[in-house]
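These are my notebook entries on a structure I looked through. The sequence and model come first, then what I looked up.

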Amino acid sequence: MYVIPLAEKLNPLLPHPIEIVLSIVVFGLLYFLAKKYVLPNFEKTFAERTSAIEGGLKAAETKQAEADAKLAELEQRLSDARHEAAKIREEAREQGARIVSEMREQAQEESTRIVEHGKAQIESERQQAVTSLRAEVGTLATSLAGRIVGETLEDDDRAARVVDRFLADLELHNEATDAGSSATGSS
Amino acid sequence: MSLTTMLLAPSESYTPPGPGDFNLPPVGPDHTFTFLGQEMYLGVTKPMLMIVLSAVLVFVFFRAAAAKREMVPGKLQYVGELGYGFVRNQLGRDIIGSKDFMRFVPFLFALFFFVLLNNLFATIPFLQFPTFSRAGLVYGLVLISWLVYNIAGIKAQGGLFAYLKHQTVPPGVHGPMLALLIPLEFFSNILVRPLTLALRLFANMLAGHILLILFALGGEYLLVHGEGLVKPVGIVAWLMFIVIAFLELLVQALQAYVFTLLSALYISGAIAEEH
């Protein structure tokens with residue numbers, strides 16, 4: 001291989017002409033290739049990324065606003081429901097009180113009615129008993145007296161008169177003892 | 001002294017590294033030609049292959065990273081987007097302004113990663129050669145940058161004359177001062193900018209790598225040919241080599257950033273509205 005005997009004469013500032021041309025050509029090629037195949041891709045990616053981020057932010061904002069609105073609506077509904085529940089509870093309480101008082105009244109009436117009815121029945125039965133007793137007592141007493149006196153008291157008219165007089169005497173006597181006892185009771 | 005003497009005459013004397021170490025012979029058949037009074041190789045050399053490789057790697061990587069276009073990026077896409085986003089926002093939008101920076105983003109993007117990878121090649125094992133220590137490769141890149149900002153300026157200012165006025169006449173200056181300032185501004189804004197841009201990148205890459213060669217070869221020389229206590233100094237030199245290599249990584253990334261940053265600043269200045 002031939003080596004140039006340059007020695008000290010070599011001046012590094014003097015350019016090699018082929019190198020100048022080569023440098024221009026190679027750099028020029030790199031420039032055009034980069035401009036055509038590399039940079040547009042990077043720029044497109046950057047732009048897409050920027051728009052994607054902006055779009056994402058916008059979407060997030062919309063979602064946030066929607067969520068806020070929904071939350072407010074739900075809170076409104078909840079408070080409405082609470083209000084409603086309180087109202088219903090109040091009404092129920094009033095209604096319950098009313099029902100209880102009504103029931104009480106009704107029961108009172110019923111009991112009064114039953115008592116009245118019982119009293120009336122008792123009274124009528126007593127009347128019945130008094131009437132039947134009066135008739136029976138008369139017959140018995142008459143037949144008893146007839147036997148004792150030995151004289152027939154078959155004549156009804158007379159017998160009836162006697163009985164009535166006796167009973168009237170008896171009632172008078174009773175009233176006198178009643179009055180006497182009430183007078184002693186009061187004194 | 002150079003590689004030549006080292007190769008041809010493995011003498012006991014130490015040969016410091018120099019620019020000659022960066023003039024690698026071609027890979028294939030070799031011829032030479034003379035350009036600007038200097039004999040040069042005619043053929044495919046390592047830096048030429050590397051610069052092509054760098055462009056291929058940058059394109060393949062970012063093409064793969066950009067191809068998926070997922071909303072939630074994977075690792076590859078994430079790294080690609082991080083790199084692209086850095087150039088787009090830090091170097092493009094923040095410097096040129098949000099109004100018309102998108103027009104220049106492809107240029108800045110290609111420029112930054114092209115320069116960055118070529119610089120990092122100086123550290124990557126087996127490649128280990130800074131492509132931009134070759135002046136020609138830098139000049140080509142700077143020529144493009146110079147054309148981009150001047151043409152953008154001419155378009156933005158509406159004509160060559162308006163653009164030159166924009167670049168050379170400082171606002172608020174009248175009378176004879178203009179006669180002094182216009183040539184100065186022209187010199188600084190139109191002529192010197194490409195030179196400094198080129199030299200900054202080229203010299204940093206060249207000098208950094210010379211430093212590495214110096215520590216590597218010097219350490220070896222001290223270790224092999226040194227006497228007694230001098231031998232351990234060779235080890236120290238190699239440790240220094242490691243430290244300098246990390247420093248170089250920083251410089252490589254920084255130079256790629258600065259190169260792109262200045263290109264963006266020049267564009268920004270050229271298309272700025274008249275103030």
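I started with the burial rule: a residue is buried if 20 or more other C-beta atoms lie within 10 Å of its own, exposed if 12 or fewer, and partly exposed in between, with C-beta atoms placed from the backbone. For elements I used DSSP runs numbered from the N terminus, with helices as H or I of at least four residues and strands as E of at least two.

**Ground rules.** I worked on a predicted model, in which local features need pLDDT of at least 70, side-chain atom pairs count only at pLDDT 80 or more, and totals for chains, interfaces and linings use all residues. Residues are numbered from 1 along each chain as its sequence is written, while chains are lettered from A and ligands numbered from 1 in the order in which they are written.

**Confidence.** I checked pLDDT, the predictor's confidence in each residue from 0 to 100. Chain B averages 85, and 93% of its residues score at least 70.

**Make-up of the chains.** Chain B has eight helices and two strands, in the order α-β-β-α-α-α-α-α-α-α from the N terminus. Of its 275 residues, 35% count as buried. Chain A has two helices and zero strands, and 7% of its 187 residues count as buried. Among contacts in chain B between residues at least 6 apart in sequence, 55% join residues at least 24 apart.

I looked at β1(B) and β2(B) next. Strands pair if DSSP finds at least two bridges between them; these two run antiparallel and are joined by five bridges. I traced H31(B) to its bridge partner L42(B), and T32(B) to Y41(B). Two residues separate the strands in this hairpin, and L36(B) in the turn has a positive phi of about 55°. Is β1(B) buried or in the open? Of its five residues the number buried is zero, so β1(B) lies largely in the open.

**Contact between the chains.** I counted 46 residues from chain B and 39 residues from chain A in the contact. On the side of chain B that touches chain A, the elements giving two or more residues are α1, β1 (31–35), β2 (38–42), α2 (46–67), α3 (75–96), α4 and α5 (135–157) of chain B. Of these, α2(B) gives the most, with 10 residues. I sorted the residues of this side into 32 nonpolar, eight polar and six charged, where Ala, Val, Leu, Ile, Met, Phe, Trp, Tyr, Cys and Pro count as nonpolar, Asp, Glu, Lys and Arg as charged, and the others, Gly among them, as polar.

**The core.** A nonpolar core is a set of buried Ala, Val, Leu, Ile, Met, Phe, Trp, Tyr and Cys residues joined through C-beta atoms within 7 Å. The largest one has 61 residues, and L108(B), F109(B) and A110(B) are among those with the most contacts inside it. Which elements give two or more residues to this core? I listed α1 (17–149) of chain A together with α2, α3, α4, α5, α7 (176–225) and α8 (230–271) of chain B. The largest share, 12 residues, comes from α4(B). Not counting residues up to four places away in sequence, A110(B) touches F27(A), L30(A), Y31(A) and A34(A).

**Loop and helix end.** Between α4 and α5 of chain B I found F126(B) in the loop; F126(B) has a positive phi of about 75° although it is not a glycine. F126(B) is exposed, with 6 other C-beta atoms within 10 Å. Q128(B) is found in the loop between α4 and α5 of chain B too, with a positive phi of about 35°. Q128(B) is partly exposed, with 13 other C-beta atoms within 10 Å. After α5(B) comes G158(B), with a positive phi near 75°.

Methods: Contact = placed C-beta atoms within 7 Å.
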